[in-house]
Amino acid sequence: MRTASRGLPLLAAALAIAYPWLVPNYYLVYAGALTVMYAAMATSWNLLGGFTGYVSLGHSAFFGLGAYGTGLLVTRLDVPWALALPVSALLVTVFAVGVGVAAVRVRGASFVIVSIALVSMMNLVVQGWRSLTGGSTGLQVPSPFPDLHRGQTHMVFFHLFLVLLGLALLSWWYVSRSRFGAGLRAIREDEDKAESLGVPTAAYKVAAFALSALFVALAGGLYALWFGSLDPIFMFSILIGSYMVLMSLLGGVRHLYGPLLGALIVAPAGEYFLIALGETQVHLAATGVLLILVVLFMPEGILSRLTRRRPGPSIPEESAGQRLEGAAR
Amino acid sequence: MSLLLQGLALGVLTGGLYALLSSGLSLYFGVMRVVMVAHPAFLFLAAYLTYTVHTVFGADPFLALPVTVPLFFLLGVAVQRLLVARLAPENVPMMSVLLTFGLALTIEGLLGTFYTGSYKSVSMEYATRSLTVAGVHLPYDKIIAFAVAALTLGVLFAVLVKSRFGQALRATIQHREAARLVGVPTERVAGYGFGVGLATAAVGGTVLALITPFFPASHWVWIGKLMAIIVVGGLGSVAGAALAAVLLGVVEGVVLVTVDATWATMMFYVFLFLTLLARPQGFFGGRLAHRF
């Protein structure tokens, strides 16, 4: 069991690294890179959503800001891309701390409203601030690898997104084993109780919010360098934010690999729809229906189904007697 | 000065319309503690149905109402009974937002498929002129929108206050368990509450179709605006939402004529965030909203 649980992720990682050489054409490399990007963003979303139970539909705000930050640093200030990427992500994280302080004051539905409002605001700002961002005509970012052809660029970015996914997974794993993670889980189960037990709930929530914004911003920055052309309507679309939520819920928010699994299902399905039906609105309806089905019938996700964990609190309520029996067995 | 008056007058007219558009949201939140993100999508569904009635039959847009209002009432009951009521009770606030969000995406996708993504509009000859009072131009379409909104809200208030159903509905909003104890069938009443909410969306959608061009993704802008209105007014309070709607309508109108359209829309979010920072339960009602 131990070797299996250690070995399987390593095997999967090796396969993932080799993926661009295993597939027959560059389109599949491109689709793979997109999938890994969504997986990294969903895993990062899950740092907030999975641990604390705060559902943010607005994480595309950080995606867009990370992308525009990187793009503007490269184009307007001639910062080398390898520096622009982390600088922009850090700026977005600082911004997320500010937003977080206001946003986590409210719970439940109000928090979701705030997160939706955040995206709409950012969209307005970027479209309205024409002189800086190019407004709705978009922003062109020069390619960081001008010598490579399109397919090779896809391969490079596939691996960059893979590194980002690895970082996000490691952070989630590390947080889940830490005191910080335990505090965040306590917030999910009962925030008032956690507070009265001495968990610094406000600080923890802001920290989780900022951490999950950091990786999404990095993904946005990489996206800007990869695609080279930013359009505010796409970058700040609420659809990207809802993809993160859908992927995490579908896979299982309480599991390390849940969002990854969700991304592996949803992102290729989206690409398939795009090829099979062209640029229609049907994929929107399909996403919506899938979200409704997941919320209604499988809010705990696929992995919870597979591992047969009962839905409910992660800390089972059992009596002292049951505990003793379990220890004796 | 006359510019300011113009903004003020337009703001009041638009605010009246906002009050109608957001009244449904207060009802859903009241009866089920559900933030219905799909409400604006239903508004535009109604707008498109109105468009069909207008273009296919050449009828006046308001003649669509006898069809859409009962249809939307039934839809609302169905949404509550078949979808919202099935959610696991422990996490209704979050899950209901996701559920209705999925509903909004579905509606937008279907509208885009059937009507294509291009702008549509319903223009009536009588709606294009404007009335001039003391140097202030009041477009007829805005006046009609205000009048319809006032009429609908008047009927809604009368139903809520006078009728037996309204009493049951308000009892359900105030205290679900207590209402059940005195014999109110709260499940059924909650379903009707959703029906009435969506019926207001049918009226609101027709009015929207008359005053503004629309495309399937238009509802996103309205989610932000309407959510800001009900948060500022206090979640779950119909009267609070109406007051906040007029307030924000006036602010928007004044900023629109003095600064520009971007800032006018931005005002909604500014008010939303200020309210959450200063008074998360809202300014006019909202004893309910405390923990949501």
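1. His219(B) touches Pro40(B), Ala41(B), Leu43(B), Phe44(B), Ala104(B) and Glu108(B), leaving aside residues up to four places away in sequence; two residues are in contact if their C-beta atoms, placed from the backbone, lie within 7 Å. His219(B) is found in helix α10 (residues 219–233) of chain B, where helices are DSSP runs of H or I with at least four residues, and strands are runs of E with at least two, numbered from the N terminus. His219(B) counts as buried because it has 24 C-beta neighbours inside 10 Å. A residue is buried if 20 or more other C-beta atoms lie within 10 Å of its own, exposed if 12 or fewer, and partly exposed in between. The C-alpha atoms of His219(B) and Phe42(B) are 8.6 Å apart, although 177 residues separate the two along the chain.

2. The structure is a predicted model, in which local features need pLDDT of at least 70 and side-chain atom pairs count only at pLDDT 80 or more, while totals for chains, interfaces and linings use all residues. Residues are numbered from 1 along each chain as its sequence is written, and chains are lettered from A and ligands numbered from 1 in the order in which they are written.

3. Chain B has a mean pLDDT of 83, with 95% of its residues at 70 or more. Among the elements of chain B, helix α5 (residues 125–128) has the lowest mean pLDDT (68) and helix α2 (residues 39–57) the highest (89). Over residues 288–292 of chain B the pLDDT is below 50, yet this stretch has 16 contacts in the model beyond near neighbours in sequence. Where pLDDT is low, the predicted coordinates should not be read in detail. For chain A the average is 83, and 91% of the residues score at least 70. The complex receives an ipTM of 0.83 and a pTM of 0.84 from the predictor.

4. The contact between the chains takes 34 residues from chain A and 38 residues from chain B. On the side of chain A that touches chain B, the elements giving two or more residues are α5 (108–128), α12 (238–251) and α14 (282–297) of chain A. Of these, α5(A) gives the most, with 12 residues.

5. Which residues of helix α7 (residues 164–174) of chain B are buried? They are Ala168(B), Leu169(B), Thr172(B) and Ile173(B). Seen down the axis of α7(B), the buried residues fall within an arc of 140 degrees, so they line one face of the helix; the arc is that of the directions from the helix axis to the C-beta atoms. These buried residues pack against α1 (2–32), α6 (140–162), α8 (176–181) and α9 (186–211) of chain B.

6. α10(B), the helix that holds His219(B), packs with helix α12 (residues 261–278) of chain B at an angle of about 35 degrees, with the axes 9 Å apart. Axes are lines fitted to C-alpha atoms, for helices over the stretch in contact, and angles run from 0 to 180 degrees between N-to-C directions. Among the residues making this contact are Gly224(B) and Lys225(B) of α10(B) and Phe268(B) and Tyr269(B) of α12(B).

7. Asp78(A) lies in the loop between α3 (60–77) and α4 (81–103) of chain A. Its phi is near 55 degrees, a positive value in a residue other than glycine. Asp78(A) counts as exposed because it has 8 C-beta neighbours inside 10 Å.

Conventions. pLDDT is the predictor's confidence in each residue, from 0 to 100.
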